[in-house]
Amino acid sequence: MAGQGTPATALLVKHGVAHRIHPYRVSPDAPNYGALVAAALGVAPEQVFKSLVTEVDGALTVAVVPVTGELDLKALAAAAGGKRATLADRSVAERATGYVRGGISPLGQRRRLPTVLDESALDLPTIYVSAGRRGLQLELAAADLVALTEARTAALQAH
């Protein structure tokens, strides 16, 4: 698709990973952004995942969780082998990944960060993650995301 290439899509093409690109229109400042993205794509919200850049004991780490839930920072810290996790500052996240807020992809980052994927993704045939640009989602198998990012999987949603 002309004009829709990003570092994330380039990585998938390079590795021959099956994926689909889905454009959508939702204001990045809209409340309940993730649910609106799912509705725009016509898919269950549980299939759409957000990539959150965090700091676990001072090291940047990406948490990939469903848009329907909240990230459990204690669970993330444990899954990443640390003691304490916090959300990273927006400018730090953007600088480290090369992407802007609302378009941070777990794939094709400027420097690959350790990644933890919520284990609910493994129960789905495909998941949707940012393609690296606002208004663009990637659909791919969770196993492919795990393989490309060397992600750990864990229960990351707050209950």
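This predicted model has one protein chain with an average pLDDT of 93, and 97% of its residues score at least 70. Mean confidence is highest in strand β5 (residues 115-118), at 98. Mean confidence is lowest in helix α2 (residues 33-41), at 92. The points below cover the annotated domain, strand pairing and salt bridges.

**Annotated domain**
- An unreviewed UniProt entry carries the annotation "domain: YbaK/aminoacyl-tRNA synthetase-associated" for residues 37-147.
- Within residues 37-147, 23% is helix and 32% is strand.
- The end C-alpha atoms of this span are 25 Å apart.

**Strand pairing**
- Strand β2 (residues 49-56) pairs with strand β3 (residues 59-66) through eight bridges, in the antiparallel sense.
- Valine 56 has alanine 59 in β3 as its bridge partner.
- Glutamate 55 stands opposite threonine 86 of β4.

**Salt bridges: overview**
- The model contains four salt bridges.
- Three of them are described below, beginning with the pair of arginine 101 and aspartate 29.

**Arginine 101 and aspartate 29**
- Their side chains form a salt bridge with an N to O distance of 3.1 Å.
- Arginine 101 is in the loop between α4 (90-97) and β5, and aspartate 29 is in the loop between β1 (20-23) and α2, so the contact ties together parts 72 residues apart in sequence.
- Arginine 101 is partly exposed, at 34% relative accessible area.
- Aspartate 29 is exposed, at 60% relative accessible area.

**Arginine 90 and glutamate 94**
- The closest N and O atoms of this salt bridge are 3.2 Å apart.
- Both residues belong to helix α4 and lie four residues apart, so about one helical turn separates them.
- Arginine 90 is partly exposed, with a relative accessible area of 44%.
- Glutamate 94 is also partly exposed, at 22% relative accessibility.

**Glutamate 150 and arginine 112**
- The side chains of glutamate 150 and arginine 112 meet in a salt bridge, at 3.2 Å from N to O.
- This pair links distant parts of the chain, 38 residues apart.
- Glutamate 150 lies in the loop between α5 (142-149) and β8 (152-154), while arginine 112 lies in the loop between α4 and β5.
- Glutamate 150 and arginine 112 are both exposed.

Conventions. Residues are numbered from 1 along each chain as its sequence is written. This is a predicted model: local features need pLDDT of at least 70, side-chain atom pairs count only at pLDDT 80 or more; totals for chains, interfaces and linings use all residues. Side-chain values use heavy atoms; hydrogens and water are left out. pLDDT is the predictor's confidence in each residue, from 0 to 100. Helices (H or I, at least four residues) and strands (E, at least two) are DSSP runs, numbered from the N terminus. UniProt positions are given in the numbering used here, feature names are shortened, and annotations may be inferred rather than shown by experiment. Two strands pair if DSSP finds at least two bridges between them. Buried means under 20% relative accessible area, exposed over 50%, partly exposed in between (1.4 Å probe, protein chains only).
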